[in-house]
Amino acid sequence: MTTPTKEHSLGLADRLGGSVDAVGAEARAAALSTRSIKKDSKMWALELAIRCCDLTSLEGQDSPGKIRQLASKAMRPAPGNPEIPSVAALCVYPRLVKAAKEALAGSTVKVASVAAAFPSGQSPLDLRLEEIERAIADGADEIDIVISRGAFLAGDDEMVFEEVSRSVEVAGGAHVKTILETGELGSYDRIRRASLIAMAAGTHTIKTSTGKISPASTLPTALVMAEAIRDFQDATGTAVGLKVAGGIRSAKDAIRYLVIVHETLGDEWLTPDRFRIGASSLVNDLLMQIDKQKTGFYSDPDRYTLD
Amino acid sequence: MTKWEYAPAPEATEIVSVKDTYGNYIGGEFVEPNSNEYFKTINPATEEVLSAVPVADESDVDKAVSAARKAFGTWSSMAPGDRAKFVYRIARVIQERAREMAVLETMNGGKPIKESRDIDIPLAAAHFFYYAGWADKLEYAFPGRRAEPLGVAAQVIPWNFPMLMLAWKIAPAIATGNTVVLKPAETTPLTALMFAEICEQVGLPPGVVNIINGAGATGAALVKHPDVDKVAFTGSTEVGKMIQRELAGTHKKLTLELGGKAANVIFEDAPLDQAVEGIVNGIFFNQGQVCCAGSRLLVQESVAEHLLDKLKRRLATLRLGDPLDKNTDIGAINSRAQLDKIKRLVGVGVEEGAELFQPACDIPERGFWFPPTIFTGVSQSHRIAQEEIFGPVLSVMTFRTEDEAVEKANNTPYGLSAGIWTEKGSRILWMADRLRAGVVWANTFNRFDPASPFGGFKESGFGREGGRHGLEAYVKLVAP
């Protein structure tokens with residue numbers, strides 16, 4: 001286990017503490033979702049959302065062929081339009097990291113692998129850490145781990161702290177995103193607490209959901225996590241990223257998340273280094289909205305490639 | 001673009017048709033004033049003239065009161081269920097024309113469109129729906145007694161929530177069988193005149209609702225009129241006292257909803273991020289031109305610095321500008337006179353030695369504007385801690401214990417509202433028992449509902465509006 005430093009200790013999460021009023025948090029998120037984003041500011045947001053996208057496929061039926069196709073989509077979301085940027089990363093299961101790495105060779109798109117017994121986290125820690133090591137060895141640039149919700153809900157904060165800090169350690173410099181699976185935590189207070197523990201343990205990004213259970217990411221959840229990130233930065237000077245994932249399919253939703261990040265954490269977070277959206281089908285709606293902004297019309301959905 | 005700037009998103013104004021000139025609405029018709037005098041009403045965000053509105057003199061007031069008296073007989077004897085239908089229909093039409101009304105409210109008053117659209121107008125409709133429901137159920141509101149209408153109600157309302165205050169006044173009055181003469185504030189007459197059109201639209205019998213215009217002199221003539229049975233006033237404590245003196249010894253029933261200097265009390269265990277939102281909503285909602293605004297922040301010393309850091313950062317994200325823009329958080333001050341008053345009192349705060357904080361923000365060239373402002377290092381003995389500023393100005397004080405919080409919160413001539421922020425339920429109840437304020441919010445602020453009574457202690461007035469309590473102001477209770 002890493003030696004706890006002043007910045008990285010469970011005591012830091014305790015010291016930051018704090019509680020969340022559910023009614024107030026939901027009201028604030030709802031108020032921010034009424035922001036009206038138009039014209040240039042909308043184009044900018046749509047393009048940013050593509051750049052922040054972790055194009056994701058996490059299915060039992062995923063095969064190397066499927067991942068190669070998705071890699072192509074990740075690099076060139078709109079083949080006919082070179083102005084459209086690549087997404088941030090392709091997010092896959094560990095067994096498919098190699099295929100993804102090969103397919104993405106020479107591009108800016110990162111390979112992200114879920115690991116550490118995704119999605120439940122219910123395996124012994126040594127096996128989970130080994131899974132991370134293997135994914136890294138196969139070429140993963142980023143690792144999306146899950147916390148042990150069972151341990152957290154049973155009050156074993158030390159275990160959550162330890163699994164995150166050891167995961168960061170074995171990832172050896174690779175970017176580690178920690179999935180809190182907020183839909184299983186039951187309250188915003190616990191979402192805040194889990195965010196603080198994961199950040200104190202050294203994760204680079206905190207992430208809402210696996211996408212495997214409902215509810216997945218919600219606007220108030222993202223708000224509460226963004227507020228925890230801001231408090232953590234105030235206390236330590238360390239900027240931690242935010243990733244929202246699960247059920248985000250429309251450009252409208254993506255923009256609402258960007259507004260929350262913008263008005264809570266500021267412009268510095270509006271970059272793929274600090275903000276990600278995990279999604280499988282969002283990109284095409286973003287592309288369709290970009291065309292709508294340019295031409296005033298919605299195009300035929302078949303004009304957007306399905307990989 | 002390295003910074004994400006939101007493009008302008010103005011609400012379209014074509015939906016609103018404002019006439020060049022209006023009459024007073026008396027006996028179901030828009031009539032020219034006997035006074036032959038008109039005044040201009042403007043958009044405070046642009047100083048552009050919107051329309052000319054008549055000044056009602058004593059003879060116009062008399063005409064309106066007579067029309068209301070004439071309508072009282074049939075209106076009060078109508079089957080309550082039928083009266084309810086009219087009130088219900090008004091609520092429906094307000095909903096149908098909500099966007100038009102919200103845009104007009106914002107044009108005439110300067111408040112952000114998101115507030116008039118999401119709060120003022122929906123709540124106004126909700127009040128009419130709520131009191132439509134009571135109209136034929138008064139025997140349940142006052143069991144064992146019979147509720148009879150009073151007669152003609154004279155109602156004088158302020159400029160901060162023109163349409164919502166109209167709804168608070170007119171809905172319970174007509175639902176219980178009274179007829180009304182209402183005078184909107186001189187700076188914000190237009191939604192009330194649109195409401196007069198709605199009365200026509202729903203076929204309300206002529207004279208049940210009369211709307212006259214003018215400033216203080218018109219209001220004084222109205223409340224003095226001998227054929228008025230009930231006076232309801234919302235506005236300044238100073239004018240409220242004048243009205244009470246005027247009415248002493250008459251048969252007229254009176255309710256007053258006056259000023260405030262509410263304490264918003266933040267304990268160290270409060271959910272701080274939501275408390276920050278509550279503070280912002282408490283004092284910057286409608287540019288702080290709210291009688292129940294949380295204008296005094298009492299924060300426990302142990303978290304004061306941390307909370308103020310958060311609050312100041314949040315202030316920097318508030319968007320001041322065109323009230324019609326859907327992304328505007330802080331609109332225009334209602335009038336030049338009000339802006340001058342705010343500037344004067346802020347000057348006093350600086351002279352008294354309080355520390356002023358204002359975030360950097362661009363102030364439009366035309367119109368009346370004041371940036372969100374925080375004073376720290378304020379003492380109870382400062383004027384900015386005692387006097388109602390009625391603007392976006394927050395005075396911050398600290399406390400150490402619950403007893404001290406209660407003592408400071410109550411140490412004001414007013415007593416309209418208060419807020420408590422803590423995770424501890426027993427502390428909320430303990431505080432609420434001791435705070436001398438008509439409304440006490442727990443872990444929220446400036447929340448309104450037609451079913452919840454609203455009104456003051458001490459110099460914030462008497463009588464309650466809203467809820468079952470709100471009916472009492474418009475009925476006399478007799479043996480069944």
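Colleague: What share of the contacts in chain B between residues at least 6 apart in sequence joins residues at least 24 apart?
Modeller: In this predicted model, that share is 75%. A contact here requires heavy atoms within 4.5 Å. For chain A, 75% of the contacts between residues at least 6 apart likewise join residues at least 24 apart.

Colleague: What makes the radius of gyration of chain B agree with that of a compact globule?
Modeller: For 480 residues, a compact globule would have a radius of gyration near 23 Å, and chain B has 22 Å, so the two agree. Along the principal axes, the C-alpha atoms of chain B fill a box of roughly 65 × 55 × 35 Å. Chain B contains 16 helices and 19 strands, and 62% of its 480 residues are buried.

Colleague: How does the radius of gyration of chain A stand against the value for a compact globule?
Modeller: A compact globule of 307 residues would have a radius near 19 Å; chain A has 19 Å, and therefore agrees with it. The C-alpha trace of chain A spans about 55 × 45 × 30 Å along its principal axes. Chain A holds 12 helices and 8 strands, and 58% of its 307 residues count as buried.

Colleague: Why is strand 4 of chain B called largely enclosed by the rest of the structure?
Modeller: Strand 4 covers residues 48-54 of chain B, and 5 of its 7 residues are buried, so the strand is largely enclosed by the rest of the structure.

Colleague: What makes strand 3 and strand 4 of chain B a pair?
Modeller: Pairing requires at least two bridges, and 6 bridges join strand 3 (residues 38-43) of chain B to strand 4 of chain B. The two strands run antiparallel, and B:Thr41 has B:Ser51 as its bridge partner in strand 4. The strands form a hairpin with 4 residues between them, and B:Glu47 in the turn has a positive phi of about 65°.

Colleague: Why is B:Phe390 called buried?
Modeller: Buried means under 20% relative accessible area; B:Phe390 has 15%, and is therefore buried. B:Phe390 lies in the loop between helix 13 (383-386) and strand 15 (393-399) of chain B. The phi of B:Phe390 is near 60°, a positive value in a residue other than glycine.

Colleague: Why is A:Lys39 called exposed?
Modeller: Exposed means over 50% relative accessible area; A:Lys39 reaches 56%, so the term exposed applies. A:Lys39 belongs to helix 3 (residues 39-51) of chain A. A:Lys39 also has a positive phi, near 50°, and is a residue other than glycine.

Colleague: What is the omega of the cis peptide bond that joins A:Phe118 and A:Pro119?
Modeller: Omega of that bond is about 0°. A:Pro119 is in the loop between strand 3 (110-114) and helix 6 (125-137) of chain A. The bond from A:Ser214 to A:Pro215 is also cis, with omega near 0°. A:Pro215 lies in the loop between strand 6 (205-207) and helix 10 (219-236) of chain A.

Colleague: How far apart are the mean positions of the positive and negative charges of chain B?
Modeller: The mean positions of its 51 positive and 59 negative charges are 4 Å apart. In chain A, with 36 positive and 41 negative charges, the mean positions are 5 Å apart.

Methods
Residues are numbered from 1 along each chain as its sequence is written. Chains are lettered from A and ligands numbered from 1 in the order in which they are written. This is a predicted model: local features need pLDDT of at least 70, side-chain atom pairs count only at pLDDT 80 or more; totals for chains, interfaces and linings use all residues. Side-chain values use heavy atoms; hydrogens and water are left out. Buried means under 20% relative accessible area, exposed over 50%, partly exposed in between (1.4 Å probe, protein chains only). The radius of gyration is taken over C-alpha atoms; the globule rule is 2.2 Å times the number of residues to the power 0.38. Lys and Arg count as positive and Asp and Glu as negative; His and the chain ends are not counted. The place of a charge is taken as NZ of Lys, CZ of Arg, CG of Asp or CD of Glu.
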